[in-house]
Amino acid sequence: MAPYAITELFGHWGANAVYVLIGFAFGAVLEMSGFGNSMKLAAQFYLKEMTVLKVMFTAIVVAMLLIFLTSAAGLLDFNLVWVPPTYLWPGIAGGLLMGVGFIIGGFCPGTSLVSAATLKIDGIFFVLGASFGIFLFGETIQFYDGFFNSSNLGRLILPDLFGVDAGVVVIAVTLMALVMFWGAEQLERIFGHKDPKAAPRWRYGAAGAALAVALAVLILGQPTAEQRWQRIAAEKQLLLDQRAVQIHPGELLSLIEDPHLQVVMLDVRTETDYNLFHILDARHAPLSAVAEVIPELHDQPANTVFVVMSNDEVAATEAWKVLAAESVPNTYILEGGVNRWLDVFANEEFRAEYQKASAQPDQLRYIPNAALGSRLPAAEPNAGQVELEFIPKVQLEMKRGPSGGGCG
Amino acid sequence: MTTQTPSRRFPRQAEAHVAARREAKPYINPYLGGILLGIVLFAALFITGNGLGASGGINRIVVFVQDLIAPTHVDRTAYLTSMAGGDLNPLDNWIVFITLGTLLGGFVSGWANHRVKVETNRGPQVSVRLRWVMAFIGGAIMGYGARLARGCTSGQALSGGSVLSVGSWTIMFAIFGGGYALAYFLRRFWN
């Protein structure tokens, strides 16, 4: 399923060749549309010629329709598609500055590259100016990086913001674009003295096709967690059965102490159990709420290992399936759960004093007389103290798909 | 439609010669351009998971030059270290290859359509020199804003817009807002 791990498929330079090809097509289309010409771009702001708006919104609608259609059809894993994280206020401030730079300089960065490549001197000056502005940013951002990193809402898409299906937003955006195109043609008629009848008639057919695809996206719907799991169940169930993803407490400890890795532990037990005892830095995310933290997990760097745990393995395995279905990479289960962790790392007095005679499956076997949380030596054991033998199972798989942003 | 004013710096004879040899072909219909651009953007997201971008590539080229001149300074500045700290090569990144391709594609399309030509596009009332100064200043503001917003018109408005990122849509409206807010005061510059 797309997107593909192109570095693994084609190697380092093969992947770079793919990016050169994509860039080539990008540059060629910008040039063909007239975006190498600053007069054509600036005309947008004087309502004489709405080329910028037409090209941009047509492109956004076409790409959006194809992405959500292929995602609905199970051909594309949307979780692995890069969504620029939302930093609200720095984004608005940067956007306003970009608008000002656009009307003063006559380009945006992509179009100025194309302009410079076709030897427009104003384009070359703009590229030099943009490089200078970027240089200034790199030198000054340290003085207000608090603002730069503020209002971070993470991976947030419009359907989540409004609490509706992606298909509803897809239809709304398509309709909005069509209304804007109609308005743009009226403005061109009034301010640019253009005859809308001169525009090609096939655009009506294209508008109809876009609406039809948008409707199909809404009717098909985006795959649910259950459907996603069904698609990968055979392959992933094998990993569970071979116990390839259940890691020994000793391995978890070694991961935590590895300075090259970041470990995110998700404790999926009840709040009561979590308060009685949990591993230091384990995050409480009850099984029913695991799905809610997934966007955050996708925001983590590529060297992150995710470990889910419950008292035994039952709930943790369910949580693991949810994460696997949502394509969270490098996800493992703590073997034997928190009970096994305490078997290994709790001292003898603790074990003797608090062990329950009998425990149901996936229930805590040690019940301390107070909610200790992580205030127990066993919550942060020292790897030097215990000699542990285990077969290491974690193999860090570099993230497939997005590696950080359109302008990363 | 378009005002293609030749630069004064280049001898008129040479220009006349070029113009006689080949006439620049007209640009394609904007809706067709948009459909093609949408397909390219979709292909990028579908195959690689990454969108399109431009300012990120320029950024890394700038940092590469900085790293040649002042490597210790780069290693001490947090924002630059992430791209070029220690042995990191800032150019070894997919976005740089997108940028290279953009330049190539722009040139080849311009060449094929006879639009590669040394000239300065400017409003009828503006001198060539003023246009150059304004292009530099505008570029600097654009470049600064693009990094502050974590992406430019390509990376945020276009790529982020198509995957329905809330931040990207906000940025897109901010760009148009900033442009239209100032357009009135610059009307003599462009018209």
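1. (Partly exposed falls between buried, 20 or more other C-beta atoms within 10 Å of a residue's own, and exposed, 12 or fewer, with C-beta atoms placed from the backbone.) Although A:Asp281 is not a glycine, its phi is positive, about 75 degrees. Look for A:Asp281 in the loop between α13 (271-276) and β5 of chain A; helices (H or I, at least four residues) and strands (E, at least two) are DSSP runs, numbered from the N terminus.

2. A word on what you are viewing. This is a predicted model, in which local features need pLDDT of at least 70 and side-chain atom pairs count only at pLDDT 80 or more, while totals for chains, interfaces and linings use all residues. Residues are numbered from 1 along each chain as its sequence is written, and chains are lettered from A and ligands numbered from 1 in the order in which they are written.

3. A:Ser327 also has a positive phi, of about 65 degrees, without being a glycine. Is A:Ser327 buried or exposed? A:Ser327 is buried, with 20 other C-beta atoms within 10 Å. Its place is the loop between α15 and β7 of chain A.

4. Now for the sheet. Chain A has an open sheet of five strands in the order β3-β7-β6-β4-β5, with parallel pairing; strands pair if DSSP finds at least two bridges between them. The edges belong to β3 (246-247) and β5 (283-284) of chain A, and each has a single partner strand, so one side of each is left without a neighbour in the sheet.

5. Helix α15 (residues 314-325) of chain A lies across β4 (262-267), β6 (304-309) and β7 of chain A, and runs at about 180 degrees to β7(A). (Axes are lines fitted to C-alpha atoms, for helices over the stretch in contact, and angles run from 0 to 180 degrees between N-to-C directions.)

6. Stepping back, chain A holds 17 helices and seven strands. Its C-alpha atoms fill a box of roughly 90 × 50 × 40 Å along the principal axes. Buried residues make up 50% of its 408 residues.

7. Finally, the contact between the chains takes 118 residues from chain A and 117 residues from chain B, where contact means C-beta atoms, placed from the backbone, within 7 Å.

Definitions and conventions: Contact = placed C-beta atoms within 7 Å.
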